[in-house]
Amino acid sequence: MKIMGIVGSPRRDGTTYTIVEKLLNSEEEQKHEYEIHRLNSLNINPCQACYYCKENDGCDLDDDMVNLYKELYDSDLIVIGSPIYFGEVTSQTKLFIDRLYGLYNNKKREFKDKKVLLIYTYANSDENTYNNYIENQKKYLYDFVGFKIIETIKLHGIAEKKDYLNNKELIEKLETIKTNLINL
Ligand SMILES: Cc1cc2nc3c(=O)[nH]c(=O)nc-3n(C[C@H](O)[C@H](O)[C@H](O)COP(=O)(O)O)c2cc1C
């Protein structure tokens, strides 16, 4: 199985990166290959609404999204992790999501039922605070791109990585999800 990890945090070694890495990096027998992309280190421009993608395959912008499109096609599972900033995903993540518009218009609909796992990290101690926002985002990712969201992980009460490292319950929850991932 080929897995693509997307991290929308500007922190190179923050909670989101740590969690995505932990989920994908299996100490057990490697049953899958994976690559993690830090969006903050990539050159991804905002969608220009030129609608090139309505007439052609892909996007007219020549930036790092070109390689990500290729990998999106090739991957069996896509893991997208973002911190919550002001109640939404980070700007880096939003740029990436908007550029998925090129896939929405893909005539072949090759992304239909592509498996996707979403991870949100946030400081708020109430896990359900961003439910409406998250459900709405999931709906758009399904309706527009065809992504099949197989799991949504909401890691609440985490301002710093130590909040995650000290939270046994969260670590156990992730271990269970990781086991399920390996057996996918
Ligand atoms: C600019 C900014 C805005 C934030 N806004 C929120 C917010 O609206 N709600 C919340 O619960 N946490 C908020 N946070 C906290 C982050 O979501 C939290 O620290 C997250 O775990 C950071 O993940 P990272 O270590 O991967 O960057 C904000 C942090 C920053 C820097």
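First, the ground rules. This is a predicted model, in which local features need pLDDT of at least 70 and side-chain atom pairs count only at pLDDT 80 or more, while totals for chains, interfaces and linings use all residues. Residues are numbered from 1 along each chain as its sequence is written, and side-chain values use heavy atoms, with hydrogens and water left out.

Now the cores. A nonpolar core here is a set of buried Ala, Val, Leu, Ile, Met, Phe, Trp, Tyr and Cys residues joined through side-chain atoms within 4.5 Å. Buried means under 20% relative accessible area, exposed over 50%, and partly exposed in between, with a 1.4 Å probe and protein chains only. The largest core has 26 residues, and Leu68, Leu72, Phe96, Leu100 and Phe147 touch the most other members. Among the elements that give it two or more residues are α3 (65-74), β3 (77-85) and α4 (91-99); helices (H or I, at least four residues) and strands (E, at least two) are DSSP runs numbered from the N terminus. Helix α3 gives the most, four residues. A second, separate core has 20 residues, including Leu24 and Ile177.

Next, the ligand. Which residues come nearest to the ligand? Of the 17 around it, they are Ser9, Thr16, Ile84, Asn124 and Tyr130, where near means a heavy atom within 4 Å. A ligand oxygen is 2.8 Å from an N or O atom in the side chain of Arg11. For backbone polar atoms, a ligand oxygen is 3.0 Å from one of Gly87 and a ligand oxygen is 2.9 Å from one of Ala159.

Thr16 also belongs to helix α1, where it is one of the buried residues. That helix, residues 15-24, is mostly covered, with eight of its ten residues buried.

Last, salt bridges: a side-chain nitrogen of Lys or Arg within 4 Å of a carboxyl oxygen of Asp or Glu. The structure holds nine. Asp63 and Arg99 form one at 2.8 Å, N to O. Asp63 sits in the loop between α2 (52-55) and α3, and Arg99 in helix α4, 36 residues apart; both are buried. Glu127 and Lys173 form another at 3.7 Å. Glu127 is in the loop between β5 and α6 and Lys173 is in helix α8, so this pair ties together parts 46 residues apart in sequence. Glu127 is partly exposed at 26% relative accessibility, and Lys173 is partly exposed at 33%.

Methods
A polar contact is a pair of N or O atoms within 3.5 Å; within protein, one must be able to donate a hydrogen and the other to accept it, and residues adjacent in sequence count only if both atoms are side-chain atoms.
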